[in-house]
Amino acid sequence: EHARQILGMCFRNVRREMPFSVIAIVLLPDHLHLVMSLPHGDADYSTRLKRIKRDFTVNWLENGGNELPVSASEKQRGQRGVWQARFWEHVIRDETDLKNHADYIHYNPVKHGCVAAPKDWPASSFHRFVKLGEYSVDWGRSEPASIRDMDLE
């Protein structure tokens, strides 16, 4: 919960300086999935993620959060044992692609054995999607066909 609060603060702080919208998100114990939308003509999601990760790391460690060991070369590059160095990126092509990625994100807690259904995972935009009528509350009790062939991790 503490990590989620810090991450939310970091998202809000970066968003004030570099606007973006969170379309879909899920935070799991050891990773995060996110679809973000940027202002027209702005494709700099990389800087936004870098700043979120940096700000989170500083706040997390200042507040007693733990980190994994890193190699000497990783230390030399300024890396800490909180986030992986890279991230997977994909530009959404169309509405179907967006739906498939949102489905993947929202089903992820089930896929990783954290819960039996997406509705049971609190750190997810799934609940907002239900309120918007995009999903029924019982969606995702089994793997949706839209994500069976996706390989995003």
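These legends describe close-up views of a predicted model. Local features need pLDDT of at least 70, side-chain atom pairs count only at pLDDT 80 or more, and totals for chains, interfaces and linings use all residues. Residues are numbered from 1 along each chain as its sequence is written, and side-chain values use heavy atoms, with hydrogens and water left out.

**View 1. Helix α2 spans residues 45-62.** Helices (H or I, at least four residues) and strands (E, at least two) are DSSP runs, numbered from the N terminus. α2 has 18 residues. Its first and last C-alpha atoms lie 26 Å apart, close to the 26 Å expected at 1.5 Å a residue. That expected span is 1.5 Å times one less than the number of residues. Glycine 64 follows α2, and its phi is positive, near 85°.

**View 2. Several residues of α2 are buried.** Buried means under 20% relative accessible area, exposed over 50%, partly exposed in between (1.4 Å probe, protein chains only). The buried residues include Leu49, Ile52, Phe56 and Trp60. α1 (2-17) and β2 (32-37) are part of what covers the buried residues.

**View 3. Aspartate 103 sits in helix α4 (residues 95-111).** Aspartate 103 is buried, at 1% relative accessible area. Contact means heavy atoms within 4.5 Å. Leaving aside neighbours within four places in sequence, aspartate 103 contacts Tyr135, Trp139, Ser146 and Ile147.

**View 4. Cysteine 10 is buried, and cysteine 114 is partly exposed.** Cysteine 10 has 0% relative accessibility. Cysteine 114 has a relative accessible area of 31%. The whole structure holds 0 disulfides, a disulfide being a pair of cysteine sulfur atoms within 2.5 Å.
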